[in-house]
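Welcome! Here is a short briefing on one protein model, with a few charged and nonpolar spots to look for. Keep the picture open as you read.

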Amino acid sequence: MEATNPLEPNNPMPPSPPVETEASSGSEGFTPLEETPSETPFEEIPSSPEAIIPFTGEEIVNGTAMMLALGLRFQTPEEVQAFTTTYRAGVVPMLPPAAVLDALKVGEALAEYGIGKNRMPGMGNLADLPPWLRLVVGGLVLAMSAYGGINAAKAARVGMADTAGDSAAATN
């Protein structure tokens, strides 16, 4: 009885090729173990990367509150306290930012991109960051520079107004 192909019942399967044994094939198909290309030595195999520990929502909120408070240049400790308290509580009482970030698993999402408690951007080569993160960080640096430049221009304008007022008062 001929073997048939189960996918095509009307076509018989071709006979399988004869299996060659080591004695019958000679040495043409045999390669000694010493002549095979060497594998990477055990010492050169990189160890598995350390697991990234994700941030909690509260840690993300506290960190961003601190960075924003530094960037906003509050004048008094009361302004800083009012900002951080409101920022941490959220504008809508039913949506506290830390709980929302935990529900959205933002810390885990950051960990997937190599950002966590035990690994932050800058701990390695910044060029190894994902492209989207490099764009975000670059945009933030430009925004902070623009903010500083605008404040410097305002300060110069106020300084010019003060000197113009002083010179006008001196002439009168």
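A patch is made of residues with over 30% relative accessible area and no salt bridge, where like charges are joined within 9 Å and nonpolar side chains (Val, Leu, Ile, Met, Phe, Trp, Tyr) within 5 Å. The model is predicted: local features need pLDDT of at least 70, side-chain atom pairs count only at pLDDT 80 or more, and totals for chains, interfaces and linings use all residues. Residues are numbered from 1 along each chain as its sequence is written, and side-chain values use heavy atoms, leaving out hydrogens and water.

**Surface patches**

- Helices (H or I, at least four residues) and strands (E, at least two) are DSSP runs, numbered from the N terminus.
- A nonpolar surface patch is formed by Val91, Val92, Met94 and Leu95, which together have about 470 Å² of accessible area. Such areas come from the Shrake-Rupley method with a 1.4 Å probe, and for residues only the protein chains shown count as cover.
- Val91 sits in the loop between α3 (77-89) and α4 (97-104). Is Val91 buried or exposed? Val91 is exposed, at 79% relative accessible area. Here, buried means under 20% relative accessible area, exposed over 50%, and partly exposed in between (1.4 Å probe, protein chains only).

**The salt bridge**

- How many salt bridges does the structure hold? The structure holds 1 salt bridge, a term for a side-chain nitrogen of Lys or Arg within 4 Å of a carboxyl oxygen of Asp or Glu.
- Its partners are Glu59 and Lys117, with their closest N and O atoms 3.3 Å apart. This pair links distant parts of the chain, 58 residues apart: Glu59 is in helix α2 and Lys117 in the loop between α5 and α6.
- Glu59 is partly exposed at 34% relative accessible area, and Lys117 is also partly exposed, at 40%.
- Glu59 and Ala98 are 39 residues apart along the chain, and their C-alpha atoms are separated by 7.9 Å.

**A buried asparagine**

- Asn118 belongs to the loop between α5 (106-112) and α6 (131-171). With 19% relative accessibility, Asn118 counts as buried.
- The Asn118 side chain reaches the backbone oxygen of Ala51 at 2.8 Å.

Definitions and conventions: A polar contact is a pair of N or O atoms within 3.5 Å; within protein, one must be able to donate a hydrogen and the other to accept it, and residues adjacent in sequence count only if both atoms are side-chain atoms.
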